[in-house]
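Please read the following briefing alongside the sequence and the model. It treats the ligand site and then the nonpolar packing.

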Amino acid sequence: MRDIKDLKVLIDRDSLNKRIIELALEINNFYGTEKPLTLICILRGAVMFYTELAKHLKMPVKMEFVTLSSYGNSEKSSGKIKAVNLAIPDLENQNALIVEDIIDTGLTLDFLLKFIKTNCKVRDVKLVVLFNKKCARKFDIEPDFAAFDVDDKFIVGFGLDYNGFYRNLDYVGYFNL
Ligand code: 5GP
């Protein structure tokens with residue numbers, strides 16, 4: 001178990017907040033302010049980003065949640081989707097935006113996107129992520145909106161956990177190996 005004292009700050013609170021507001025503006029410009037948008041939060045990692053982003057969106061927003069996991073308690077993706085709670089809300093004829101903390105191999109989002117497109121009669125579904133770990137990608141998938149690109153390091157805080165802890169940090173950090 002690593003110690004929080006060894007966590008180095010990667011992105012501080014002000015930079016996170018500033019960038020999320022910019023990203024919300026981009027999303028507002030893309031969708032406009034009239035048509036409803038269903039935001040789908042992938043629990044638990046996206047929760048901080050999701051609530052922060054939602055506050056700055058100007059269209060009528062519905063807030064929905066799903067639970068997916070591919071990491072377990074490790075710092076590497078298990079390569080399998082675990083702990084799936086796919087009580088997907090009714091998305092028929094709706095514009096949906098999946099909100100995720102980080103895209104790494106792409107497994108999680110590839111799985112959810114295919115599931116929604118196949119089963120939900122959604123009008124349109126797009127992806128927004130707080131972090132894009134491009135160098136780790138194994139699936140052919142890119143987010144439509146992304147706040148930050150990150151290197152292939154294990155990051156923690158602002159929703160992202162280490163062994164279930166540190167999701168509550170208001171900044172994002174990493175452990176030196
Ligand atoms: P993927 O399915 O794209 O490989 O991984 C996505 C999920 O893995 C994320 O939702 C997140 O839970 C976890 N993950 C990927 N990279 C990191 C990381 O650097 N830190 C933490 N805490 N979780 C990560």
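How many Å separate a backbone N or O atom of Gly 106 from an oxygen atom of the ligand? The distance between the backbone N or O atom of Gly 106 and that ligand oxygen is 2.8 Å. This is a predicted model, in which local features need pLDDT of at least 70 and side-chain atom pairs count only at pLDDT 80 or more, whereas totals for chains, interfaces and linings use all residues. Residues are numbered from 1 along each chain as its sequence is written, and side-chain values use heavy atoms, with hydrogens and water left out.

**Ligand site**
- An oxygen atom of the ligand lies 2.4 Å from a polar side-chain atom of Thr 105, and a ligand oxygen is 3.5 Å from a polar backbone atom of Lys 153.
- Taken alone the ligand exposes 510 Å², of which the protein buries 92% (accessible areas by the Shrake-Rupley method with a 1.4 Å probe).
- Strand 5 gives the most to the shell around the ligand, with four residues (strands are DSSP runs of E, at least two residues, and helices are runs of H or I, at least four, numbered from the N terminus).

**Nonpolar cores**
- The largest nonpolar core has 32 residues, and those with the most contacts inside it include Ile 27, Phe 49 and Leu 130 (a core is a set of buried Ala, Val, Leu, Ile, Met, Phe, Trp, Tyr and Cys residues joined through side-chain atoms within 4.5 Å; buried means under 20% relative accessible area, with a 1.4 Å probe and protein chains only, exposed over 50%, and partly exposed in between).
- Helix 1 provides the largest share of this core, six residues.

**Cysteines**
- Cys 41 is buried, at 0% relative accessible area, whereas Cys 135 is exposed, at 53%.

Definitions and conventions: A polar contact is a pair of N or O atoms within 3.5 Å; within protein, one must be able to donate a hydrogen and the other to accept it, and residues adjacent in sequence count only if both atoms are side-chain atoms.
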